[in-house]
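Hi,

Here is the model I promised to pass on to you. Please open it alongside this message, and my notes on what turned up follow below.

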Amino acid sequence: MHDNSAVRLTAWVHGQVQGVGFRWWTRARALELGLTGSAGNLPDGRVEVVAEGTEQDCRRLLAALRSGQTPGRVDAVVELWGEAKGSATGFVER
């Protein structure tokens, strides 16, 4: 993969991440990196983060999710990489 080609990162964040400002914080980090996508609560208590942009910027967001600097408590982050779909504009909380 080239550094400037767009990729899609889907990350499922486990822990105490709902109702603590986690999606807002994730959106702020993603916008700083110029990523598009969303962060949404799942019924089982996880937050699903979908981000598109360069692989380097997506890896920076993934590192931030795992940094211990997030609101709440992150126990684990499961990641899935794929090709960007290019359908998102901006970064939204779902």
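In this predicted model, Phe 22, Trp 25, Thr 26, Arg 29 and Ala 30 of helix α1 meet Leu 61, Ala 64 and Leu 65 of helix α2. Contact here means heavy atoms within 4.5 Å. Helices (H or I, at least four residues) and strands (E, at least two) are DSSP runs, numbered from the N terminus. The two helices pack at an angle of about 150°, with their axes 10 Å apart. Axes are lines fitted to C-alpha atoms, for helices over the stretch in contact, and angles run from 0 to 180 degrees between N-to-C directions. α1 and α2 are therefore roughly antiparallel to each other (angles under 35 degrees count as roughly parallel, over 145 as roughly antiparallel, 65 to 115 as roughly perpendicular and the rest as oblique).

A word on the ground rules. Residues are numbered from 1 along each chain as its sequence is written, and side-chain values use heavy atoms, with hydrogens and water left out. Because the model is predicted, local features need pLDDT of at least 70 and side-chain atom pairs count only at pLDDT 80 or more, while totals for chains, interfaces and linings use all residues.

Now for α1 in more detail. Phe 22, Trp 25, Thr 26, Ala 28, Arg 29 and Ala 30 are its buried residues, where buried means under 20% relative accessible area, exposed over 50% and partly exposed in between (1.4 Å probe, protein chains only). They pack against α2 (55-65) and against the strands β1 (6-16), β2 (36-41), β3 (47-54), β4 (73-83) and β5 (91-93). Why does Thr 26 count as buried? Its relative accessibility is 0%. Leaving aside neighbours within four places in sequence, Thr 26 touches Ala 39, Val 49, Leu 61, Leu 65 and Phe 91. After α1 comes Gly 34, with a positive phi near 75°.

In α2, the buried residues are Glu 55, Asp 57, Cys 58, Leu 61, Leu 62, Ala 64 and Leu 65. Their packing partners are β1, α1, β3 and β4.

Next, the sheet. Five strands make up an open sheet in the order β4-β1-β3-β2-β5, with mixed pairing (two strands pair if DSSP finds at least two bridges between them). β4 and β5 are at the edges and have a single partner strand each, so one side of each is left without a neighbour in the sheet. On average, neighbouring strands are turned by 15° against each other, direction ignored.

The pairs themselves look like this:

- β1 and β4 are antiparallel over 10 bridges, and Ala 11 has Glu 79 in β4 as its bridge partner.
- β2 and β3 are antiparallel over six bridges, with Thr 36 opposite Glu 52 in β3. These two strands form a hairpin with five residues between them, and Gly 45 in the turn has a positive phi of about 100°.
- β2 and β5 are parallel over three bridges, and Ala 39 has Glu 93 in β5 as its bridge partner.

Finally, the record. An unreviewed UniProt entry annotates residues 8-94 as "domain: Acylphosphatase-like"; its positions are given in the numbering used here, feature names are shortened, and annotations may be inferred rather than shown by experiment. In the model, that span is 25% helix and 43% strand, and its end C-alpha atoms lie 17 Å apart.

Best wishes
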